[in-house]
Amino acid sequence: MKIKYDRSACQGHNRCYMLAPELFDTDDEGYAILLVDGDIPSELEEKARLAADNCPEFAIEIEE
Amino acid sequence: MTDVRPPVADWATDFDHQHPDYAANAPEIWDELRDGCPIAHTDRYGGAWFPTRHEDIATISKDVVHFSSQGVVVTEERPDIPAPMGYAPPITSDPPFHSIARGIMLKFFSPKAIDAWEPTVRETCRRLIADIKAKIDAGETTIDIASNYSQHIPVSVMADMLGLPRQDGDVFRGFIHNIMEQTGEEPPYEESMDFYLDTHVAKRRNNLGDDLISYLCQADIEGMPLLDEHVRGTIGLLIIAGIDTTWSAIGAGLWHMAQSPKDRDRWTNDPSVQPFALEEILRFYAPVTMARLIAEDIELGGCPMKAGDWALLPFPAANRDPEAFERADEFVIDRARNRHSAFGLGIHRCVGSNLARLEVRIAMEEWMDAFPNFELADPDAVTWSTGQVRGPRQLPVLFPG
């Protein structure tokens with residue numbers, strides 16, 4: 001599983017950072033930073049799905 | 001509203017979000033419109049549109065060319081706009097100035113910066129709960145927790161954040177009432193929010209601290225300090241947008257819990273559900289309906305929108321659209337997929353959303369810890385506000401002795 005994050009769609013809602021801090025950090029203005037490059041460790045797949053499913057701007061996609 | 005508004009003949013062609021019938025029945029009105037006339041219209045307010053589908057609300061929110069933010073509160077008159085920032089940057093600013101004004105605020109309101117305010121918020125909630133317990137001990141059996149709890153939390157936190165006296169809460173609420181509820185009378189300058197803020201900002205410039213007013217006094221745009229009107233407008237925005245809104249969300253969360261023993265038990269006995277419950281409160285009881293002024297003619301969903309018309313953005317209606325949410329009309333305490341738009345969509349996403357979330361979370365945590373079981377004294381005595389911020393304004397709760 002991989003995460004595709006579209007920084008241009010992100011508006012800093014911070015839902016991903018709240019739900020999956022292992023996968024997302026935020027910059028000093030509150031926009032998301034994707035922490036993982038490449039495959040998501042299997043134990044974090046559920047959190048990756050939660051981050052994607054709760055983004056109001058559809059800025060996160062999961063590629064299985 | 002102090003005046004009596006004419007009855008609404010038909011919500012699809014004559015809607016009025018400031019009518020008392022709207023306050024009492026908004027969710028039913030949204031559902032009815034979404035099924036029958038997904039973009040309603042009214043000739044009131046000089047012409048306004050009212051979409052109820054998530055898709056249309058998202059489209060308007062993200063189209064900053066046709067839909068200007070220079071008017072965000074629907075009025076009979078069109079605002080006299082000081083370009084480029086509007087009255088209250090960044091909410092009333094359009095691109096390109098918007099992102100400059102917003103960038104200044106985002107640093108102060110980022111999630112990590114806001115985390116530092118948790119002890120202040122918790123202390124505020126505990127102080128208010130202690131006051132309520134003292135009233136119970138003194139024999140009071142019915143207490144309005146809107147006026148004794150939910151209302152005070154954002155007022156007190158905002159006063160602390162701005163470095164203004166907490167006891168000015170009533171003054172803030174007077175300003176909010178004048179601006180949000182359209183009393184129609186412009187107060188003289190000496191009684192206006194502008195005068196209040198000008199006075200405090202002038203004093204603060206000579207005595208800077210680590211509060212938000214001092215931060216704005218020291219902020220710059222390409223080396224130039226912010227204009228006085230910019231500083232004043234932004235502080236005014238925080239008072240207007242940061243208080244009623246959060247008060248409403250906390251009140252609605254408590255209103256829900258007071259009526260749902262099942263959800264109260266789940267909250268208390270399964271703390272892992274709490275983050276989802278808080279987002280569901282924000283979805284199901286989203287307080288804020290924004291507005292835009294149409295800048296250029298555009299057709300949307302077959303509706304001919306004309307420059308100068310208003311477009312309302314009822315995010316709470318978007319949050320209950322069955323096209324966007326499963327079981328949209330049910331409060332699902334453990335809803336795991338929840339792309340709600342309580343804080344708006346697009347570039348104007350609520351700049352204070354991290355603070356609002358912190359306040360709602362701590363307010364619910366502290367209340368549910370103190371009163372894991374509580375019930376409304378009289379459900380019919382609960383009143384909801386009219387207009388663009390929706391929440392319970394009276395919430396009498398029973399404390400049997």
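Helix axes here are lines fitted to C-alpha atoms over the stretch in contact, and angles between them run from 0 to 180 degrees between N-to-C directions. With that in hand, welcome to a set of close-up views of a predicted model.

**Figure 1. Helix 6 of chain B packs against helix 16 of chain B.** The crossing of helix 6 of chain B with helix 16 of chain B is right-handed. From helix 6 of chain B, the contact draws on B:E118, B:V121, B:R122, B:C125, B:R126 and B:I129. Facing them from helix 16 of chain B are B:L358, B:E359, B:I362, B:A363, B:E366 and B:A370. Sorted by class, this contact holds seven nonpolar and five charged residues, with no polar ones. As a reminder when following such patterns, an α-helix has 3.6 residues a turn, so residues three or four places apart point the same way.

**Figure 2. Helix 9 of chain B crosses helix 12 of chain B.** Here the axes of helix 9 (residues 169-180) and helix 12 (residues 228-259) of chain B come within 10 Å and cross at roughly 95°. Angles of 65 to 115 degrees count as roughly perpendicular, and helix 9 and helix 12 of chain B are therefore roughly perpendicular to each other. Helix 9 of chain B brings B:F172, B:F175, B:I176, B:I179 and B:M180 to the meeting. Helix 12 of chain B answers with B:I239, B:I240, B:I243 and B:D244. The class count for this contact is eight nonpolar, no polar and one charged.

**Figure 3. Helix 2 of chain B bends at B:A26.** Helix 2 of chain B covers residues 20-36, and its bend at B:A26 is about 85°. A proline, B:P27, follows within four residues of the bend. Look along helix 2 of chain B for the buried residues B:Y22, B:I29, B:W30, B:L33 and B:R34. The cover over these buried residues includes helix 1 (11-14), strand 1 (39-42), strand 10 (310-314) and helix 15 (315-318) of chain B.

**Figure 4. Chain B meets chain A.** The contact takes 18 residues from chain B and 15 residues from chain A. On the side of chain B that touches chain A, the elements giving two or more residues are helix 4 (97-108) and helix 16 (353-370) of chain B. Helix 4 of chain B gives the largest share of that side, three residues. By class, the side of chain B that touches chain A has six nonpolar, eight polar and four charged residues.

Figure 5. The bond from B:P89 to B:P90 is cis, with omega near 5°.

**Figure 6. A:F58 and B:E222 have positive phi values.** A:F58 is a residue other than glycine with phi near 55°. A:F58 belongs to the loop between helix 2 (45-53) and strand 4 (60-63) of chain A. It counts as exposed because 12 C-beta neighbours lie inside 10 Å of A:F58, and the cut-off for exposed is 12 or fewer. In chain B, the phi of B:E222 is near 50°. Its loop runs between strand 5 (220-221) and strand 6 (224-225) of chain B. B:E222 counts as exposed because it has 5 C-beta neighbours inside 10 Å.

Figure 7. B:F374 lies in the loop between helix 16 and strand 11 (375-376) of chain B. With 17 C-beta neighbours inside 10 Å, B:F374 counts as partly exposed. Leaving aside residues up to four places away in sequence, B:F374 touches B:A258 and B:V397. B:P165, 209 residues from B:F374 along the chain, has its C-alpha atom 32 Å from that of B:F374.

**Figure 8. B:P400 lies in the segment after strand 14 of chain B.** Strand 14 of chain B spans 396-398. B:P400 is exposed, with 8 other C-beta atoms within 10 Å. B:P400 and B:E140 are 260 residues apart in sequence, and their C-alpha atoms are 8.6 Å apart in space.

Note on methods
Residues numbered from 1 in each chain as written. Chains lettered and ligands numbered in written order. Predicted model: local features only at pLDDT ≥ 70, side-chain atom pairs only at ≥ 80, totals over all residues. Contact = placed C-beta atoms within 7 Å. Nonpolar A, V, L, I, M, F, W, Y, C, P; charged D, E, K, R; others polar. Bend = angle between axes of the 7 residues up to and from the residue. Buried ≥ 20, exposed ≤ 12 C-beta atoms within 10 Å, placed from the backbone. Left-handed = near helix turned anticlockwise from the far one by under 90°. Parallel < 35°, antiparallel > 145°, perpendicular 65-115°, else oblique.
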